[in-house]
Amino acid sequence: MIVEILALLLTLFGIAYGIFKYRITFWARRGVQSETQATFPFGNDPAFHPDVILTKRNAAYVMDDLYQKHKDKPFVGIYGPLGQPTIFINDLELIKNILIKDFEVFVDRIGQFNFFGGDSEVFTDRLWRQQLLTLKGELWKDVRSVFSPVFTSGKMKLMMHFMKAISLNLQEEMRQCAEHFNPIDLKGVFGKYSMDTIATCGFGVDAGSFGSNKETIFVKHARTIFDRSHWDNLMLVCSIIPGLNAFCKMLKLPFFKPVETKFFYDIIIQTIQNRVKTKERKNDLVDLMIDAIHFEKTLKEIGEIEAYDNVIQSSSFAHKIKKTDFDETLVVSNALLILVAGYDTTAMTMTYCAYELAKSQVTQDKLIQEIDEVMSKLAEDQDFPDYNTIQTMPYLDSVLHETLRLHCPIPLILRNTAQDYKIPGHYAVIPKGTDVSMLAYSIMRDEKYYDNPNVFNPDNFSKTSKEKRNPFAYLPFGHGPRACIGMRFALLEAKVGLVSVLNKYRIKACKDTPQHPMRSNSSFLGNPRDKLWVAVEAR
Ligand code: HEM
């Protein structure tokens, strides 16, 4: 019997291996140059490289190895787990076509494989499937057009007074460090600022990050939602391997961060309930999103929302929500996304920006000079530049964009083909349903587009430099109709925070400031691996 089982297993393995070997000829059969070294069953997609799965290296570095090998080709075929074909696009004109000109073919960001919880029916996974990052086709278009007005510059003006108020806490933290000659951990302090800003602007919630040395539970959950533990990686692999996927679904195992998701779900739903009950209006993102979808119609079912909450993990819930109008789920899911998408990305941008300023006093002097000029021209009743003034500080803008170029939080831009796509000027066709990746991290460090690409140089974003360069060589927020919806919010938040700090303090390198910060091994994003310590001095 054992011999028969072994023979069966060996035969199955042989068949799977044979299919894999055949699948990884997919691109060659279509006349597309490809990366041929592929490990069974993982393929050669850097996102599934053993070093990434085992959290030994940040995904951006593994992707960059592949980019360096193939950067002279306009595009290169690669293979995901089980030989799933994917294509990397290096040519900037082709990137422009994909993100803008031929957008209708590339509306979707992901195909079958959903890195937020796969196709599990567990409530927290279902919640993640309703948000902009992973929504598809017409539903994505509807949701995006409903929520876009929430992020116009007019609405951002409304947000600025929240940001200013929170930046006073940031200043206070800097003051204490300066007074006691304590070095400061940049991600720690800007993480607090970013968390309180997004929690207040987003949901009128005080995350309480400042004023305590202990991390609040709110901050802890927001921080860990994008950290990938070995367990998370195991679940990621399970979500895409058919047999394992079915087994996990049978056990109702959640695929993506159930504890954190439930925590934020509770907060958001309570905020909404509270707004309805008290009729309070704060003009924050929740109010604007509620306005956007005319939420009133589902609010009368608020009693039902409370009931959902109590049965959140039970199977009856999954059945119940199907019968319900999806409106409130859309708001909660997207509010949840805004909270997590807005927190870490902006915090790490400010962190790296302050780090680079600490290392380059010349750059900091120039920025301080611009800030001083603006402050000296304020009207008598003003203590801070207004929205329009902040938007017209060219050097501040360049410093931030250079930070995003060198330390881009999200290393790649993803799309998936809705139909076969013939590559313009080439006979190759990218078949329907193929993942298409653009390696933002590597493109923005390519010497073809930036001189001395590994050196921090805000002049890369002077008017003349920008005019000379192809705009698609700059991709921290993506481009086109599916680019980052929160870009204006993130840039404004970072500008307000930096002006507030540098108006009073100077940041300097200290003995613990690392020379070459590395991206974290356990995050898919660009979080620094080690703490970035700097010294703070009153000006
Ligand atoms: C420095 C900070 C940030 C960076 C670098 C960043 C970067 C990105 C990138 C690269 C994308 C994918 C774009 C594409 O596929 O073309 C994206 C999408 C998105 N971002 Fe951001 N982001 C930041 C801050 C924010 C903030 C503050 C919010 C919300 C307030 C936000 C909300 C979103 C949403 C909802 C999407 C999905 C858009 C869609 O698919 O329609 N992001 N972001």
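What follows is a working chat about the structure above.

User: What kind of model is this, and how are residues numbered?
Analyst: This is a predicted model, in which local features need pLDDT of at least 70 and side-chain atom pairs count only at pLDDT 80 or more, while totals for chains, interfaces and linings use all residues. Residues are numbered from 1 along each chain as its sequence is written.

User: How many helices and strands are in the protein?
Analyst: The protein has 24 helices and nine strands. These are DSSP runs numbered from the N terminus, with helices being H or I of at least four residues and strands being E of at least two.

User: What is the radius of gyration, and what would a compact globule have?
Analyst: The protein has 24 Å, which agrees with the value near 24 Å for a compact globule of 539 residues. The radius is taken over C-alpha atoms, and the globule rule is 2.2 Å times the number of residues to the power 0.38. Along the principal axes, the C-alpha atoms fill a box of roughly 85 × 60 × 45 Å.

User: What share of the residues is buried?
Analyst: Buried residues are 42% of the 539. A residue is buried if 20 or more other C-beta atoms lie within 10 Å of its own, exposed if 12 or fewer, and partly exposed in between, with C-beta atoms placed from the backbone.

User: And which domains does the assignment give?
Analyst: Domain 1 is 1–112 + 409–443, and domain 2 is 142–408 + 444–538. The bounds come from an automatic or database domain assignment. The C-alpha centres of domain 1 and domain 2 are 30 Å apart.

User: How many residues does each domain give to the contact?
Analyst: Domain 1 gives 26 residues and domain 2 gives 29 residues. Two residues are in contact if their C-beta atoms, placed from the backbone, lie within 7 Å.

User: Which elements are on the domain 1 side?
Analyst: Those giving two or more residues to the side that touches domain 2 are α4 (59–70), α5 (92–101) and α22 (440–443). The largest share, five residues, comes from α5. That side of domain 1 divides into 18 nonpolar, three polar and five charged residues. Here Ala, Val, Leu, Ile, Met, Phe, Trp, Tyr, Cys and Pro count as nonpolar, Asp, Glu, Lys and Arg as charged, and the others, Gly among them, as polar.

User: What do the buried residues of α5 pack against?
Analyst: They pack against β1 (75–79), β2 (85–89), β4 (413–416) and β7 (435–438). The buried residues of α5 include Leu92, Ile95 and Leu99.

User: Where does it lie, and what does it touch?
Analyst: Cysteine 484 is in the loop between α23 (463–468) and α24 (487–502). Leaving out residues up to four places away in sequence, cysteine 484 touches Phe477 and Gly478.

User: Why is cysteine 484 called partly exposed?
Analyst: Because cysteine 484 has 18 other C-beta atoms within 10 Å.

User: What about threonine 329 and aspartate 344, buried or exposed?
Analyst: Threonine 329 counts as buried, with 21 C-beta neighbours inside 10 Å. Aspartate 344 is buried too, with 24 other C-beta atoms within 10 Å. Threonine 329 is found in helix α18 (residues 327–359), and aspartate 344 is also found in helix α18.

User: How far is threonine 329 from tyrosine 265?
Analyst: Their C-alpha atoms are separated by 9.8 Å, with the two residues 64 residues apart along the chain.
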